[in-house]
Amino acid sequence: MEPVGGGGGASSAAERYRAEAARAFQHYLDRAAPHTAGRWAGTLLAAAVYALRVYYVQGFYVVSYGLGIYLLNLLIGFLSPMVDPELEALDQAGPALPTRGNDEFKPFIRRLPEFKFWYAITKAFCVAFVMTFFSVFDVPVFWPILLCYWIVLFVLTMKRQILHMVKYKYVPFSMGKQKYGGKKGPSTSGSKD
């Protein structure tokens, strides 16, 4: 039985609308998942629109700096393995082989999968773009110092990450299935006498 006053009907309709909107949004996200190139092209477009907006208004450098730090954090998660080899080496003497029939050995599993990486970056550019319409976020700063500091932070972080990759011999990128040179069949291009 519904309480007297009729207030429950409006909130129920709002909740139903929110649930339908969330379901529709998730449907479009699911449909976009296999289209990697298209998704990233859309993200590049969002980044270009944001960059043009910042260039046009000549401000919001603190927002851009915060966006850069957040993107760097996402990149580190994207390049890092789910299980840190340093911690795994402390736990056991070496890498373990599968012990059951349903276990599968996967040499590199990202801490942040590509789809979540893309989604977080796209959402970050959209949020930063919306922030450029509110003057409270336009803090006056000398932007070259922020840019230099971000570059130094990027170089030091990437250096540490690359040294970690070299030390534990993992590569976070693959260019498809590895091809092996097997036996070569008899040559069919021989000359006839």
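Modeller: Happy to! Helix 3 and helix 5 (residues 114-131) pack with their axes 10 Å apart, at an angle of about 175 degrees. Helices here are DSSP runs of H or I with at least four residues, numbered from the N terminus; axes are lines fitted to C-alpha atoms over the stretch in contact, and angles run from 0 to 180 degrees between N-to-C directions. Helix 3 is therefore roughly antiparallel to helix 5, a term for angles over 145 degrees.

Please keep in mind that this is a predicted model, where local features need pLDDT of at least 70, side-chain atom pairs count only at pLDDT 80 or more, and totals for chains, interfaces and linings use all residues. Residues are numbered from 1 along each chain as its sequence is written, and side-chain values use heavy atoms, leaving out hydrogens and water.

From helix 3, V63, L67, Y70, L71, L74, L75 and F78 meet E114, F117, A120, I121, A124, F125, A128 and M131 of helix 5, where contact means heavy atoms within 4.5 Å. By class, this contact has 14 nonpolar, no polar and one charged residues; Ala, Val, Leu, Ile, Met, Phe, Trp, Tyr, Cys and Pro count as nonpolar, Asp, Glu, Lys and Arg as charged, and the others, Gly among them, as polar.

Now look at the loop between helix 2 and helix 3, where F60 lies. F60 is not a glycine, yet has a positive phi of about 60 degrees. Most residues other than glycine have a negative phi. F60 is also buried, at 5% relative accessible area (buried means under 20%, with a 1.4 Å probe and protein chains only).

Notes. Helices (H or I, at least four residues) and strands (E, at least two) are DSSP runs, numbered from the N terminus. Buried means under 20% relative accessible area, exposed over 50%, partly exposed in between (1.4 Å probe, protein chains only). Angles under 35 degrees count as roughly parallel, over 145 as roughly antiparallel, 65 to 115 as roughly perpendicular and the rest as oblique.
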